[in-house]
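Dear colleague,

Please find below the structure that I am handing over to you, together with its sequence. My notes on what was found in it follow.

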Amino acid sequence: MSGPTDRLTPRSVRRGAALACVFAGVLMSGAATGSWVEDPEPGGGGWAGRAPEAAGDDGAPRDAGDADRLVSRSGDRWAAAYSPQEYERLRLSLEGEYVGTGIAVSRTSDGRIVVGEVHAGSPAEEAGILPGDEIVTIDGAGLDGGAVTDAVGRLRGSDRPTAAGPGSTVLLGLARGGEQWETEVARARLTAETVTVTREVPGVTRIHVSSFTRGAADQLREAVERVPAGDAVLLDLRGNGGGLLTEAALAASVFLDGGLVATYDVHGDERALHAEPGGDTATPLVVLVDGGTMSSAELLAAALQDRNRAVLVGSRTFGKGTVQMPSEQPDGSVAELTVGHYVTPSGRTVDEERPVEPDLPVGAGEDAEAKARTVLAGLA
C-alpha cells in the first residue's frame, strides 16, 4: 500500500474524463486543443487538459467488489474503489512510473491528432517520432475524429481486455510534411517528468511542477540548483492535482530552512510535516496558483505563503484539504478513504469554502505570468 495522499477528486469525477495519467490529476474533459499525455497521474477531473495514462477506466473488466461496497456505504465524497489491477497502475503512477510509448498527443483545431511531446529516451524517440507528427492510424484503425482519450487509451493498449504491458507493441500510421509511413513502437515502463524548466525572459526561471509523485521534490531541488545566479524563481503550481503529502513537504524543504509545513490528522491522531533544514531562502520566489491547484499542491503553496517565503499570484485554489489512505479488502480490491484533514502553519483549514487565496489576484483576461514577473522584479 502507498502512504497517505491528498489525492484528488471524488471517484465519479476521477473516473469521468481522464481515466484513460495519473497520478495525479484533475483534468479538464477534452478541450479542443488540450494536450493529453501518457503520464502517470491518477485521477481525472480537471487539470489543464492532460490525461493520465497509468490508471483509469479503460474498458477492461474490473472487480472492486468489497471496496465498492465499502465506499458506497462510507458517505465519503473523496473515497475511491479500485480493483487489484487498477490499484497497481495507480501505485505505479504515484511512484512516478507508467507504461506507454512515451508520447503526448494533442488535438488540433481541425480535429487532427498530433504528437505534442516525446519523452526523452522513450520507445517513441527511438522510433524517430517527432513533435508535430500527425497520428493517422493506430493498429491499422483510423482515429475518425474520436476523443483524445480514445487515442491515448489505444496508444497504451488499455482498450484491450487485458491492459498491454512493457514489451507489447503498437503500430502507428504517421504523417509528416506530406509523407506517410507506418512504424511499430514498443511500450515500456517509463518515469514521468513532473518538473519542467523554462527561461523565457532574462532574470526569471519558471519551474512548473505538474504533480507530486514520488521523486518530484528531488526533481524540483535539482531544477532550483541549476537556476542561473541572479535569477528569480517562478514556481508554477497551476493545474497541479496533488499527490503524496511527503513529496509536498520535501518540496517545501527546497525553499525553507526547516520548520513546520503542515499538520494533519489520521483518525484523530495528529501528525506534523516539517521541512528539512538548508533550503534556499534567499532567491526571490513567486508561486502561481489557480483553480486546478489541489491538495498537496495547495499545502505547499499555503506553507510558503504562511511562512512568508513566497508571494502567491493567480486565482483561488480548488480547496481540498483532506488526506486519503488505501485499505486492502478481503477480495484484494482497495478502498481509498478519507482519514483526516491538513492544517497550514498559520492554522488555516483548506476546503471548498476556504481555498488558498493568492496575495495578488489575477483578473479575467490578465496575464498571470506577466503579473508574476512584475512582482519578482520588485522582490529582486
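Helix H8 is mostly covered, since eleven of its eleven residues are buried. Please keep in mind throughout that this is a predicted model. The buried residues of H8 are Ser 296, Ala 297, Glu 298, Leu 299, Leu 300, Ala 301, Ala 302, Ala 303, Leu 304, Gln 305 and Asp 306. Just after this helix, Asn 308 adopts a positive phi of about 55 degrees.

The largest nonpolar core comprises 44 residues. Those with the most contacts inside this core are Ile 207, Leu 220, Leu 235, Phe 255, Val 287 and Leu 304. Helix H8, which spans residues 296–306, gives the most to the core, with seven residues.

Leu 220 may be taken as an example. Apart from neighbours within four places in sequence, Leu 220 is in contact with Val 195, Ile 207, Val 209, Leu 235, Ala 251, Val 254 and Phe 255. There is also a second, separate core of 17 residues, which includes Val 115, Ile 138, Val 148 and Val 152.

**Helices H6 and H7**

How do helices H6 and H7 pack, and at what angle? Helix H6 (residues 216–225) and helix H7 (residues 245–253) meet at an angle of about 15 degrees, and their axes are 8 Å apart. Because of this angle, H6 is roughly parallel to H7. Their crossing is right-handed. On the H6 side the contact is made by Ala 216, Ala 217, Leu 220 and Arg 221, and on the H7 side by Glu 247, Leu 250, Ala 251 and Ser 253. Sorted by class, the residues of this contact are five nonpolar, one polar and two charged.

Seven of the nine residues of H7 are buried, so this helix is largely enclosed by the rest of the structure. These buried residues are Leu 245, Glu 247, Ala 248, Ala 249, Ala 251, Ala 252 and Ser 253. They pack against H6, strand S14 (259–266), strand S15 (269–275), H8 and strand S18 (322–328).

Leu 244 lies in the loop between strand S13 (232–236) and H7. With a relative accessibility of 2%, Leu 244 counts as buried. The C-alpha atoms of Leu 244 and Ser 211 are separated by 8.8 Å, although these residues are 33 apart along the chain.

**Helix H5**

Helix H5 (residues 148–156) is largely enclosed by the rest of the structure, because seven of its nine residues are buried. In H5 the buried residues are Val 148, Ala 151, Val 152, Gly 153, Arg 154, Leu 155 and Arg 156. Of these, Val 148 and Val 152 are included in the second core mentioned above. After H5 comes Gly 157, with a positive phi near 80 degrees.

Is Ser 122 buried or exposed? At 0% relative accessibility, Ser 122 counts as buried. Leaving out neighbours within four places in sequence, Ser 122 is in contact with Thr 101, Gly 102 and Leu 190.

Ser 106 has its place in strand S4 (residues 103–107) and is buried, with a relative accessible area of 14%. Ser 106 and Gly 116 are ten residues apart in sequence, and 5.7 Å separates them in space, C-alpha to C-alpha.

Thr 183 belongs to strand S9 (residues 179–186). Thr 183 is buried, with a relative accessible area of 14%. Not counting residues up to four places away in sequence, Thr 183 touches Ala 127, Val 170, Leu 171, Leu 172 and Leu 174. From Thr 183 to Ala 124, 59 residues apart along the chain, the C-alpha separation is 9.8 Å.

**Positive phi in loops**

Two loop residues deserve a separate note. Asp 139, in the loop between strand S6 (134–138) and strand S7 (141–142), has a phi near 50 degrees, a positive value in a residue other than glycine. Asp 139 is partly exposed, with a relative accessible area of 41%.

His 267 is located in the loop between S14 and S15. Its phi is positive, at about 55 degrees, although His 267 is not a glycine. At 66% relative accessibility, His 267 counts as exposed.

With kind regards

Technical notes. Residues numbered from 1 in each chain as written. Predicted model: local features only at pLDDT ≥ 70, side-chain atom pairs only at ≥ 80, totals over all residues. Heavy atoms only, no water. Axes fitted to C-alpha atoms, helices over the stretch in contact; angles between N-to-C directions. Helix = DSSP H or I, 4+ residues; strand = E, 2+ residues; numbered from the N terminus. Parallel < 35°, antiparallel > 145°, perpendicular 65-115°, else oblique. Left-handed = near helix turned anticlockwise from the far one by under 90°. Contact = heavy atoms within 4.5 Å. Nonpolar A, V, L, I, M, F, W, Y, C, P; charged D, E, K, R; others polar. Buried < 20%, exposed > 50% of the residue type's maximum accessible area, 1.4 Å probe, protein only. Core = buried A, V, L, I, M, F, W, Y, C linked by side-chain atoms within 4.5 Å.
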